[in-house]
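Biologist: Please take me through this model, one question at a time. I would like the criteria stated along with the values.

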Amino acid sequence: MTQVALASRDRLEERLSRGLRVEPVGADRIEELALFLKQAHADQPLAHRFQEPEQIVRYWRWLHQGSPSPLPEEQPQAWVCLREERIVGHFAALPALAARSGQPLPIWWGSHLIVAPEARRGNVGPLLILS
């Protein structure tokens, strides 16, 4: 990215983040994240997969901590967006390999972008993606 593009991105991120904070998902937030995912998916087509917090934790850990990475030096990443210390959004990225002109190309595959119903149509989703 050029310096102009980076400065523009930084200004946009600053404007979007008013009252919000994005941080990596830590082990101390897994249980809270499971409850958030249950609540945030309640009105979604896959709500039936997000009913039991213990099952949500197992699935999340399998996907983000236990699945093999095609890029050994990279591990899946996940973030939460907080408003007043409460989770209002989640986004993850999984390392993957694509191909360009027959050559392997390391990429990050976005996964599990979900925003709390009361925070939708706001800044949470775009802020998580920018982070």
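**Questions on a predicted model**

Modeller: The chain's secondary structure consists of four helices and four strands, where helices (H or I, at least four residues) and strands (E, at least two) are DSSP runs numbered from the N terminus. This is a predicted model, in which local features need pLDDT of at least 70, side-chain atom pairs count only at pLDDT 80 or more, and totals for chains, interfaces and linings use all residues. Residues are numbered from 1 along each chain as its sequence is written, and side-chain values use heavy atoms, with hydrogens and water left out.

Biologist: In what order do the elements of the chain run from the N terminus on?

Modeller: The chain has four helices and four strands. Read from the N terminus, their order is α-β-α-α-β-β-β-α.

Biologist: Which element of the chain has the lowest mean pLDDT?

Modeller: pLDDT is the predictor's confidence in each residue, from 0 to 100. Over the chain its mean is 85, and 86% of the residues reach 70 or more. Where pLDDT is low, the predicted coordinates should not be read in detail. Among the elements, helix α2 (residues 30-40) has the highest mean, 94, and the lowest, 61, belongs to helix α1 (residues 3-16).

Biologist: How many bridges join β3 to strand β4?

Modeller: Two strands pair if DSSP finds at least two bridges between them. Strand β1 (residues 21-24) is joined to β2 by four bridges, antiparallel, and β2 pairs with β3, also in the antiparallel sense, over seven bridges. For β3 and strand β4 (residues 103-115), again antiparallel, the number of bridges is eleven.

Biologist: Which residue is the bridge partner of Val22 in β2?

Modeller: The pairings can be followed residue by residue across the strands. Gly89 stands opposite Val115 in β4, and opposite Gly89 of β3 stands Cys81. The β2 partner of Val22 is Cys81.

Biologist: Why is β2 largely enclosed by the rest of the structure?

Modeller: A residue is buried under 20% relative accessible area, exposed over 50% and partly exposed in between (1.4 Å probe, protein chains only). Across the 131 residues of the chain, the buried share is 36%. Strand β2 is largely enclosed because, of its seven residues, the number buried is five.

Biologist: Why does the pair of Trp79 and Phe91 count as stacked?

Modeller: Rings of Phe, Tyr and Trp (its six-membered ring) pair if their centres lie within 6.5 Å; planes under 30 degrees apart count as stacked, over 60 as edge-to-face and the rest as tilted. The count by this rule is two aromatic pairs. Trp79 and Phe91 have ring centres 6.3 Å apart, and the pair is stacked because the angle between the planes is 20°.

Biologist: Where in the chain are Trp79 and Phe91, and are they buried or exposed?

Modeller: The pair links distant parts of the chain, twelve residues apart. Trp79 is in strand β2 (residues 77-83) and Phe91 in strand β3 (residues 86-100). Both residues are buried.

Biologist: What separates the C-alpha atoms of Ser131 and Trp79?

Modeller: Ser131 is in the segment after α4 (124-130). Its relative accessibility is 35%, so Ser131 counts as partly exposed. Along the chain Ser131 and Trp79 are 52 residues apart, and their C-alpha atoms are separated by 8.3 Å.

Biologist: What value is phi of Glu85?

Modeller: Most residues other than glycine have a negative phi, and most peptide bonds are trans. Glu85 is placed in the loop between β2 and β3, and at 47% relative accessibility it counts as partly exposed. In the hairpin of these strands, with two residues between them, Glu84 has a positive phi near 55°. Glu85 is not a glycine, yet its phi is positive, about 65°.

Biologist: Which residues line the largest pocket?

Modeller: On a 1 Å grid over the protein atoms alone, a cavity is a set of points where a 1.4 Å probe fits but cannot get out, and a pocket is an open set with protein on both sides within 12 Å along at least five of seven lines; lining residues have an atom within 4 Å of a point. Helix α3 (residues 53-66) gives the largest share of this lining, three residues. The residues lining the largest pocket are His41, Leu46, Arg49, Phe50, Gln55, Ile56, Tyr59 and His112.

Biologist: Where does His112 lie, and what is its phi?

Modeller: His112 is one of the residues lining the largest pocket. At 22% relative accessibility, His112 counts as partly exposed. It lies in strand β4, and its phi, positive in a residue other than glycine, is near 55°.
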